[in-house]
Amino acid sequence: MQLPHTSVKVPTGLSFDVPDLLMVQGWSDFHDFRMAIDIDVCADGDEYEELLGIYESTCAFRRWMIWRSCDGIMVQPTMGRTMLFDSMADALDLLVPARA
């Protein structure tokens, strides 16, 4: 008996390592943001094992969406282009919000 040939689609977003999740949680707390983890998300035909949302602490406004791909850490601001980083630490260094 021969099994049918099927191709497995690799998710756009992969799950994060626990140290990365802890780093983002600590960073969010320090900068007065709220981190939310969405698991098994499908958006615009892409699948994400984990998707992080970084929100303003006082409202439901999401500042950034973060996921991990095979290429690195992807950060999508609410307005702007998706950015690619080698590590979560590199991404968070750039995302430190300017305070007036």
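In this predicted model, I66 is in contact with F16, E50, L51, L52, I54, I73, M74, V75, M88 and L95, its neighbours within four places in sequence being left aside. I66 is also one of the residues that touch the most other members of the largest nonpolar core.

**Nonpolar cores**

- The largest nonpolar core comprises 17 residues, and those touching the most other members are L52, I54, I66, I73, V75 and M88.
- Two or more residues of this core come from each of helix 1, strand 1 (33-43), strand 2, strand 3, strand 4 and helix 2.
- Helix 2 makes the greatest contribution to this core, namely 4 residues.
- Another core lies apart from it and has 6 residues, including V41, Y48, L51 and M65.
- In soluble globular proteins, nonpolar side chains tend to be buried together.

**Helix 2**

- Helix 2 spans residues 88-95, and its residues M88, A91, L92 and L95 are buried.
- These four lie on the same side of helix 2, because the arc they cover around the axis is only 95°.
- The exposed residues D93 and L94 are carried on the face turned away from the buried side of helix 2.
- The cover over the buried residues of helix 2 includes helix 1 (18-30), strand 2 (46-56), strand 3 (62-68), strand 4 (73-77) and strand 5 (83-85).

**Aromatic residues**

- The aromatic pairs number 3.
- One of them is the stacked pair of W27 and F33, with 5.7 Å centre to centre and 0° between the planes.
- Both W27 and F33 are buried.
- W27 also forms an edge-to-face pair with W64, at 5.9 Å centre to centre and with 65° between the planes.
- Because W27 lies in helix 1 and W64 in strand 3, this pair ties together parts that are 37 residues apart in sequence.
- The relative accessible area is 10% for W27 and 7% for W64, and both residues are buried.
- A single aromatic cluster is formed by W27, F33 and W64.
- At Y55, the charged end of R34 sits over the ring, 4.5 Å from its centre.

**Serine and cysteine positions**

- S28 is located in helix 1 and is buried, with a relative accessible area of 0%.
- Leaving aside neighbours within four places in sequence, the contacts of S28 are F33, M35 and I54.
- The structure contains 0 disulfides.
- C59 is partly exposed, at a relative accessible area of 38%, whereas C70 is exposed, at 65%.

Methods. Residues are numbered from 1 along each chain as its sequence is written. This is a predicted model: local features need pLDDT of at least 70, side-chain atom pairs count only at pLDDT 80 or more; totals for chains, interfaces and linings use all residues. Side-chain values use heavy atoms; hydrogens and water are left out. Buried means under 20% relative accessible area, exposed over 50%, partly exposed in between (1.4 Å probe, protein chains only). The arc is that of the directions from the helix axis to the C-beta atoms. Contact means heavy atoms within 4.5 Å. A nonpolar core is a set of buried Ala, Val, Leu, Ile, Met, Phe, Trp, Tyr and Cys residues joined through side-chain atoms within 4.5 Å. A disulfide is a pair of cysteine sulfur atoms within 2.5 Å. Rings of Phe, Tyr and Trp (its six-membered ring) pair if their centres lie within 6.5 Å; planes under 30 degrees apart count as stacked, over 60 as edge-to-face and the rest as tilted. A charge sits over a ring if NZ of Lys or CZ of Arg is within 6 Å of the ring centre and within 35 degrees of the ring normal.
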